[in-house]
Structure formats: structure tokens, C-alpha cells
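Dear colleague,

Please find below the structure that I am handing over to you.

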Amino acid sequence: MERQRVAWVDYAKGFCIVMVVMMHSTLGVEYHAEQIGWMHHIVEFAKPFRMPDFFMIAGLFLARTIDRDWRDYLDRKVLHFGYFYLLWLTIQFVFRAPGIVAEQGTGGLVYQYALALIDPFGTMWFIYVLPIFFVIVKATRRLPWWSIWLTGAALEILPVHTGWTVIDETAARFVYFYSGYLFAPQIFRFVDWVLAHSRVAALGLAAWVVCEAAVVGFGISELPFIGLALGFIGAVAVATFSALLSKSDLMAPLRYLGQNSIVVYLAFFLPMATSRVVLLKTGVITDIGTISLLVTTAGVVVPILLFWAVRNTPARFLFERPQWARLGRARRPGLVPAE
């Protein structure tokens with residue numbers, strides 16, 4: 001039986017995946033165009049909370065599965081994401097191989113692929129780091145929660161910059177994932193309060209927008225302690241915004257994106273890069289912000305269209321994990337969705 005979905009969580013995931021695609025699309029367009037457009041300000045506004053909220057949401061339902069045996073847990077929380085990482089890493093390298101070979105030769109291509117097995121490649125780092133977080137939480141669940149939380153907070157505050165994505169992103173993001181797991185009951189109670197006091201919540205959300213914009217504008221959003229606070233406050237703001245959206249079906253497409261956020265995350269790189277090249281080369285549109293918006297739209301929409309095209313075909317392995325990629329005996333035939 002399909003588990004019941006929580007509407008506001010889907011809206012939050014949809015919002016976050018759009019923000020992630022927007023960030024990569026906008027910064028990519030601006031880098032190649034050597035100009036900054038109006039979308040840049042939206043990307044900067046979302047920077048303090050974009051990934052903290054994504055990780056907090058990822059930890060919300062961990063309490064439901066953390067006590068399962070290690071074999072089942074590793075299958076669902078590690079091998080599951082490992083399958084999609086290796087598959088889409090390979091797909092990305094197929095498209096990027098000509099450029100890498102031209103610059104670094106075949107040896108460089110092999111080296112870059114091997115390096116990506118220990119240090120996540122490009123946009124794929126989220127689903128590489130997430131299983132590590134799942135393992136850390138399960139392995140430490142008998143330790144005092146405050147010791148784990150304080151360690152995570154300290155690592156975020158330092159901050160840690162080693163040049164290795166796994167180390168740096170774990171230090172920067174684990175505290176938010178762990179907080180989602182640890183404080184899930186309080187988060188759900190807060191959302192219930194938002195739904196019961198919508199007008200007050202909307203006013204609070206508006207105040208947050210003003211404060212967030214001011215802090216980002218002053219350039220202090222990444223300072224120690226301030227960055228940590230903005231991450232948590234922003235995650236609460238996204239939960240509030242998502243709860244308010246969930247009261248109607250006016251933004252149902254955003255909820256659908258949230259239900260299939262990993263589809264967008266896995267496949268957005270190709271339509272993003274392709275649309276960016278076409279728009280910048282043709283010069284039909286000259287406004288950098290508009291180009292960034294169109295590239296973002298392509299990055300969000302095309303993966304969903306691809307998902308629809310393959311979901312009832314043998315190619316559905318792109319977004320559904322085959323049974324051969326599972327540990328132990330399957331509970332049911334067929335494939336296992338990416339989420």
C-alpha cells in the first residue's frame with residue numbers, strides 16, 4: 001500500500017528543488033555570459049535556507065525507519081541512493097566525456113570518474129551525502145542527542161573548508177538533517193499551528209522576508225552563528241509557506257514537483273546546459289535574468305516530461321530501482337521508485 005503523503009512536505013520539497021535548479025541555472029548562465037541578471041538576487045536571497053531546508057525535510061520521517069535491521073536500512077537508505085548516483089553519474093559523464101577528453105585526455109576522463117566515486121561530482125553531491133547522514137544517525141542513535149546536535153552545530157559554525165565535498169557538506173549540513181529527525185514532532189505541531197492561525201503566520205512570513213533580505217543585503221548571512229540561525233529560521237519559514245500553500249490546490253504543480261523532486265534533481269543538468277547554450281548562442285533574448293528564468297524552467301519541466309515518457313517502458317530504470325539492485329528478497333515485484 002502506498003504510504004500517505006503529507007501535503008505541506010511535498011510543497012516544501014517542490015519549492016526547494018525549484019530553488020536548487022534556479023541556483024545552478026542562474027549561476028551557470030551568469031558565468032558563461034559574464035554578466036549578472038535580476039535572478040541573481042533571488043538566488044542570493046534563498047542561499048541561507050535553500051539546502052538547510054532540503055536536509056531538514058529529508059530527516060523528518062527518519063524515526064519511522066531508523067529501528068529497522070541494518071540490512072533493510074542499508075538497502076533503503078544507502079543502496080537506494082547509491083544506485084541512482086552511479087547511474088546518473090555515468091549518464092552525466094557520457095555527455096561530458098568529449099569535453100573532458102579534449103582537455104585532459106582519456107586518462108583524465110578515467111581519473112575524473114574514479115574521483116567522483118569518493119568525491120561527488122557536480123550537482124550530484126546531495127544524494128551522495130544523504131546516505132552518509134542516514135548511517136551516522138543510526139550508528140549514533142544510542143548516544144545523547146544533545147552531543148550529536150552540538151557537534152553538528154559546531155561544525156556548521158566553524159566553518160569547515162577542506163576542498164573535499166563530502167567533508168565540507170557534511171560539516172555544513174548535517175545539523176539540519178539531524179534536527180529534522182530529532183525535532184520532527186515539534187515541526188509537525190508548529191505546522192498544525194500555522195494551519196490554524198493562517199493570518200498570523202502569513203504576517204510572520206512577510207516579516208521574515210524583509211529581515212532575510214536585509215541580512216543578505218548587508219552581506220552578513222554567512223558569518224558564524226548568523227548562518228546557522230538563518231538556516232533554521234529559513235527552514236521554518238519554508239515550512240510555514242508550504243503549509244499555507246497546502247490549504248488549497250492552486251499550486252498543485254509545485255506539490256507534484258515535490259512528490260517527484262528526485263526526478264528533477266537527477267535529470268535537470270542536461271536540459272539546463274542545453275537550453276543555456278542555445279539561448280546564449282542564438283542571442284534572441286539578451287536579458288540575462290530572463291535567460292536564467294527560461295533555463296530554470298527547462299531544468300524543472302524537461303525531467304518531468306522525461307519521467308512521463310519512460311515510466312511505463314523498460315527505460316523506467318532511470319527513475320525506478322530494479323529488483324536486482326536490492327539487498328535481500330524483494331517484498332514485491334517490479335521496481336522501486338526513486339523516492
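Helix α7 (residues 165-182) holds both Glu169 and Arg173, which are four residues apart, about one turn of the helix; helices here are DSSP runs (H or I, at least four residues) and strands likewise (E, at least two), numbered from the N terminus. The two side chains form a salt bridge, N to O 3.1 Å, the term denoting a side-chain nitrogen of Lys or Arg within 4 Å of a carboxyl oxygen of Asp or Glu. Both Glu169 and Arg173 are buried (under 20% relative accessible area; exposed is over 50%, partly exposed in between; 1.4 Å probe, protein chains only).

Please note that this is a predicted model, in which local features need pLDDT of at least 70 and side-chain atom pairs count only at pLDDT 80 or more, while totals for chains, interfaces and linings use all residues. Residues are numbered from 1 along each chain as its sequence is written, and side-chain values use heavy atoms, with hydrogens and water left out.

The whole structure contains nine salt bridges. In one of them, the closest N and O atoms of Arg321 and Asp75 are 3.0 Å apart. Arg321 belongs to strand β1 (residues 320-321) and Asp75 to helix α4 (residues 70-116), so this pair ties together parts 246 residues apart in sequence. Arg321 is buried at 1% relative accessibility, and Asp75 is buried at 1%.

Lys47 and Glu222 also meet in a salt bridge, at 2.9 Å from N to O. Lys47 is partly exposed at 37%, whereas Glu222 is exposed at 60%.
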